[in-house]
Amino acid sequence: MKNAKEILSKLKKGDFAVALVTLFLSALLFALSFSQGEKMTARIYYNGESYGTVNLYELSEPCQLTVGRCTLLFEADGVTFLSSECEDRLCINRGKLTKAGDTMACVPERVSVVLKAEKDEADAVVF
């Protein structure tokens, strides 16, 4: 088996340059994946009908809204179910919705929230 010194001695300066550029581009793409550049809206549905829309990008501070027996927390970076009268509490345990297309529902209380991007482009097309 070769040790690390033997392997490193065979590498050229160009090999290190390629590795450094690859590492830099990977870190840049990783950082860009967390950017919140898109304008998000939260659409709330109650009993299968549209209850309202909240423009998350216009929020300067968190706000709460009670829909039926569920309380929702709206923040600039997402939506969270704070409380619900349902037994299993799956909606609360789901956590925060933060990306376009994320959907959360409290089925027993018939409340659902869908995050939409302002662009509202299709994720995929199926024929």
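**Briefing: loops, sheet, salt bridges and a nonpolar patch**

Asn 47 has a relative accessible area of 41%, so the residue counts as partly exposed; the cut-offs for that class are 20% and 50%. The model described here is predicted. A whole-structure search finds three salt bridges, and an open sheet of three strands is also present. A nonpolar surface patch of about 610 Å² involves six named residues, including Phe 24 and Leu 32.

**Positive phi values in loops**

- Most residues other than glycine have a negative phi.
- Asn 47 is not a glycine, yet its phi is positive, at about 55°.
- The loop that holds Asn 47 runs between β1 (40-46) and β2 (49-55).
- Arg 89 is another residue other than glycine with a positive phi, in this case near 60°.
- Arg 89 sits in the loop between β5 and α3 (90-93).
- The relative accessibility of Arg 89 is 36%, so this residue counts as partly exposed, given that the class lies between 20% and 50%.

**The three-stranded sheet**

- The strands of the open sheet follow the order β3-β4-β5, and their pairing is antiparallel.
- β3 (63-67) and β5 (78-84) are the edge strands, since each of them pairs on one side only.
- On average, neighbouring strands in this sheet are turned by 25° against each other, with direction ignored.
- Five bridges join β3 to strand β4 (residues 70-75) in the antiparallel sense.
- Opposite Val 67 stands Cys 70, which belongs to β4.

**The salt bridge between Glu 109 and Arg 69**

- The side chains of Glu 109 and Arg 69 form a salt bridge with an N to O distance of 2.8 Å.
- This pair links distant parts of the chain, 40 residues apart: Glu 109 is in the loop between β6 (103-106) and β7 (111-117), while Arg 69 is in the loop between β3 and β4.
- Is Glu 109 buried or exposed? Its relative accessible area is 8%, so Glu 109 is buried, as the limit for that class is under 20%.

**The salt-bridge network around Lys 96**

- Which residues are linked in a network of salt bridges? They are Glu 75, Asp 77 and Lys 96.
- In one of the links, the side chains of Glu 75 and Lys 96 meet at 2.8 Å, N to O.
- Lys 96 is partly exposed, with a relative accessible area of 30%.
- Asp 77 counts as partly exposed too, at 37% relative accessibility.

**The nonpolar surface patch**

- Which residues make the nonpolar surface patch of about 610 Å²? They are Val 21, Phe 24, Leu 25, Leu 28, Leu 29 and Leu 32.
- Leu 25, one of the patch residues, is located in helix α2 (residues 13-32).
- Leu 25 has a relative accessible area of 44% and is partly exposed. A residue needs over 30% to be part of a patch, so Leu 25, at 44%, passes that cut-off.

Note on methods:
Residues are numbered from 1 along each chain as its sequence is written. This is a predicted model: local features need pLDDT of at least 70, side-chain atom pairs count only at pLDDT 80 or more; totals for chains, interfaces and linings use all residues. Side-chain values use heavy atoms; hydrogens and water are left out. Patches are made of residues with over 30% relative accessible area and no salt bridge: like charges are joined within 9 Å, nonpolar side chains (Val, Leu, Ile, Met, Phe, Trp, Tyr) within 5 Å. Accessible areas come from the Shrake-Rupley method with a 1.4 Å probe; for residues, only the protein chains shown count as cover. A salt bridge is a side-chain nitrogen of Lys or Arg within 4 Å of a carboxyl oxygen of Asp or Glu. Helices (H or I, at least four residues) and strands (E, at least two) are DSSP runs, numbered from the N terminus. Buried means under 20% relative accessible area, exposed over 50%, partly exposed in between (1.4 Å probe, protein chains only). Two strands pair if DSSP finds at least two bridges between them. Axes are lines fitted to C-alpha atoms, for helices over the stretch in contact, and angles run from 0 to 180 degrees between N-to-C directions.
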